[in-house]
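User: I'm new to this one and would like to learn how to read its aromatic rings. Could you walk me through it?

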Amino acid sequence: IQDSLKTVLRNPNLSPEKKAMTLSHLGRNMYEIDMSTALRITNEALQLSRKFPDGQYAAFALATLTYLNVQGDSLVQAQKNIDSALIYTSKSTNRVINGYVWLRKGWLEYIVNNTTKSTASLFKALQLLEGQQAYAYESLVYHYLASIYADLKDIKNLKKYTRLSLDLAYQ
């Protein structure tokens with residue numbers, strides 16, 4: 001996938017918005033190989049995104065940085081980034097991106113063991129993603145909800161959200 005994203009970035013006619021999104025995706029996909037490059041690329045996406053009136057691009061870059069920060073054990077920076085991402089969602093009407101940001105907020109709250117906030121954020125993500133055909137993101141939300149209910153030893157909801165996650169993964 002990295003090669004495909006790099007090919008897209010080489011297109012001289014690529015719009016700045018598409019470049020920002022592609023850089024964010026590339027950063028997310030590079031972290032296992034080279035975390036410093038992943039952070040650099042995603043920060044480049046963020047700098048570019050801040051120039052646009054539509055907040056979806058900066059929100060996505062910041063949510064991606066949140067993910068990378070957690071992978072790099074920087075929870076304080078992750079929290080700052082997700083808080084900033086949420087601010088940018090107020091300047092975006094893109095329900096998929098806004099849902100993704102809330103998904104990352106819920107995931108981060110789950111990691112720091114705040115299940116109440118995590119669950120609320122994940123359900124907010126589902127509201128935004130409903131009807132958007134963003135099946136991978138919806139599946140991931142249900143996966144995290146299943147994990148929360150597994151930790152709570154709530155077998156009924158564990159099964160419910162595992163099934164929903166699996167069903168959407170096949171979409």
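User: Which residues form one aromatic cluster?

Analyst: Keep in mind that this is a predicted model. The cluster is made up of F123, Y142, Y149 and Y161.

User: And how is a pair of aromatic rings described?

Analyst: You give the distance of the centres and the angle of the planes. Here the count comes to 8 aromatic pairs.

User: What kind of pair do Y67 and W107 form?

Analyst: A stacked one, at 5.3 Å centre to centre and 25° between the planes. Since Y67 is in helix α4 and W107 in helix α6, the pair ties together parts that are 40 residues apart in sequence.

User: Are Y67 and W107 buried or exposed?

Analyst: Buried means under 20% relative accessible area. Y67 has 9%, so it counts as buried, and W107 is buried too, with 8%.

User: Which residue lies over the face of W107?

Analyst: That's R104, at 4.7 Å from the ring centre.

User: Which residues form a nonpolar patch on the surface?

Analyst: L75, I111 and V112 do, with about 210 Å² of accessible area together. I111 lies in helix α6, which covers residues 95-111. With a relative accessible area of 35%, I111 is partly exposed.

Definitions and conventions:
Residues are numbered from 1 along each chain as its sequence is written. This is a predicted model: local features need pLDDT of at least 70, side-chain atom pairs count only at pLDDT 80 or more; totals for chains, interfaces and linings use all residues. Side-chain values use heavy atoms; hydrogens and water are left out. Patches are made of residues with over 30% relative accessible area and no salt bridge: like charges are joined within 9 Å, nonpolar side chains (Val, Leu, Ile, Met, Phe, Trp, Tyr) within 5 Å. Accessible areas come from the Shrake-Rupley method with a 1.4 Å probe; for residues, only the protein chains shown count as cover. A salt bridge is a side-chain nitrogen of Lys or Arg within 4 Å of a carboxyl oxygen of Asp or Glu. Helices (H or I, at least four residues) and strands (E, at least two) are DSSP runs, numbered from the N terminus. Buried means under 20% relative accessible area, exposed over 50%, partly exposed in between (1.4 Å probe, protein chains only). Rings of Phe, Tyr and Trp (its six-membered ring) pair if their centres lie within 6.5 Å; planes under 30 degrees apart count as stacked, over 60 as edge-to-face and the rest as tilted. A charge sits over a ring if NZ of Lys or CZ of Arg is within 6 Å of the ring centre and within 35 degrees of the ring normal.
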